[in-house]
Amino acid sequence: MKMITRRAMFLLILVAAFLGGLIFMTVSLVNHGDEWVMKSFNSHVYHEGELIGAGKITDKNGRSLAETVDGEREYNDSQITRKATLHTIGDTKGFISTGIQSVYKAKLTGYNLLSGIYNVTKNGSGNNMKLTIDADICDTAYEALSDYKGGCVGVVNYKTGEIICMVSSPSYDVNDVPYDLDTNEKYDGVYINRLLSGLYTPGSTFKIVTSVCAVDNIPDIYERKFKCTGEYDPGSGTPIECNATHGTLGFKEALAKSCNSVFAQIAIELGPQKLAQTCKELGLTSTVSLNGDIISSKGRFFLENGDADDYIGWTGIGQGDTLISPIAMLRVVSAVANGGKAVSFHMIDSLANQVGKSLDVDFSKKEVPLLNAETADKIKKMLRYNVKNQYGEYNYEGLSLCAKSGTAQIDEIDSHNTAWFTGFMDDEDHPYAFVVVVEYGNSGSQTAGPIANRVLQAIVEK
């Protein structure tokens, strides 16, 4: 009898262990099955480490950007388009980690829990993905940017959150990969999508942030008069140099002329806590996501209580140690254009299988308030004033542009400027916000401004 009991207990333990193992394997399959399938040694999906078994990726107009033909991954016929969309589509080896082919490789192969990669093994390709980007506009942006060492251009519909242009430079042609890609300094950071993962000193574009903080915290800011003598001496540390001697001017004029003296004074009056809080509320120290899956770098705001006034002043004009990702600044100006609300960004329009059945891409549109509507309206009017009275309406004809330039002076290693231009079109028919960053550029208005104009004019003319 004891023997039978022992055997029964032993069998129960075996059954429990089996069931436990089965549950563990089932949970692992559900949670990690797509990762297992997408290992580079899977010959149905990869060949010599390169992705081949995936569906077609097209732009918003149906232009093919990548597809599998006869077991090989093929890209657009245009070399310019291949370079312009490289960081959006990604490479086949996954070096560009934020590219569509890296982030959505399982969806592109058609993997699902029940049928695995049946679509790939049957049809030679998986699911087809249509993006919101416009390849023609990306071509224009890349051609305008390619004369410079590096940088990025981003354009989004601030009403819908659709990214229509995302270009990063330097780039390369996936059909003719340079032999010295990893050793030639002109390709430094080539795998980085600078719009998403680049972190830059913002220069005078940060005065948008200081302006928001001032509007919210200094009740009489529009009645104030400030004096600029060519520099502002906070009484200790390094005087903040201005780009000119502006004399007496008000808040609105100070932003238009990008007066360092005035904005240093305003920043010091506001203090570190209020500036840091505004940065946080505007999302400049958090990530930005596209479709909830492609994630940007976090910005960094270095300012604390106890910092010297001169450091606070330099920070308030965008010349401190603050670092901003271009897409985070794009989200800020999008919110200003959209009454204070930032619409969640996305660049996937649809996903469908080989027979055209629509598939869920697990994305829900959200609106997040970054600033109140009254403040947004005031900042919008100031950015419009900038263009009319400083940058010249004739330089941006027909765009109803609201914008701010920035010229960040970088003295580390080798002295150079990072040129910024960001803003939006105040136009119901063309509700687009933009950001342009040019490494080793001249000033923001002279280098990044014309690139923005060229891209936006191409959008309006389509």
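Start at serine 405, which touches Ser204, Thr205, Tyr391, Trp420, Phe421, Gly444 and Ser445, leaving out residues up to four places away in sequence; contact here means heavy atoms within 4.5 Å. Serine 405 sits in strand E19; strands (E, at least two residues) and helices (H or I, at least four) are DSSP runs, numbered from the N terminus. With a relative accessibility of 11%, serine 405 counts as buried, a word that means under 20% relative accessible area, with over 50% called exposed and anything in between partly exposed (1.4 Å probe, protein chains only).

A word on ground rules: this is a predicted model, where local features need pLDDT of at least 70, side-chain atom pairs count only at pLDDT 80 or more, and totals for chains, interfaces and linings use all residues. Residues are numbered from 1 along each chain as its sequence is written, and side-chain values use heavy atoms, with hydrogens and water left out.

Now for some empty space. Rolling a probe the size of a water molecule over the atoms shows where such space is left. A pocket is an open set of points on a 1 Å grid over the protein atoms alone, where a 1.4 Å probe fits, with protein on both sides within 12 Å along at least five of seven lines; lining residues have an atom within 4 Å of a point. The second largest pocket holds about 610 Å³, a volume being the space filled by probe spheres set on the points, which are joined across faces, edges and corners. Its lining has 27 residues, and the closest to its centre are Ser204, Asn243, Ser258, Thr407 and Ser443. Helix H14 (373-391), strand E19 (401-410) and helix H15 (444-461) each give two or more residues to this lining.

On to the rings. Rings of Phe, Tyr and Trp (its six-membered ring) pair if their centres lie within 6.5 Å; planes under 30 degrees apart are stacked, over 60 edge-to-face and the rest tilted. By that rule there are 10 aromatic pairs. Phenylalanine 206 and phenylalanine 301 make a stacked one, at 6.1 Å centre to centre and 15° between the planes. This pair links distant parts of the chain, 95 residues apart, and phenylalanine 206 and phenylalanine 301 are both buried. Tyrosine 396 and phenylalanine 421 also stack, at 5.5 Å and 15°. Tyrosine 396 lies in the loop between H14 and E19 and phenylalanine 421 in strand E20 (residues 416-425), so the pair ties together parts 25 residues apart in sequence. Ring pairs link Tyr391, Tyr396, Phe421 and Phe434 into a cluster.

Of its 124 residues, Ile100 and Leu401 touch the most other members. Leaving out residues up to four places away in sequence, isoleucine 100 has contacts that include Ile57, Leu108, Met129 and Ile348.

Notes:
A nonpolar core is a set of buried Ala, Val, Leu, Ile, Met, Phe, Trp, Tyr and Cys residues joined through side-chain atoms within 4.5 Å.
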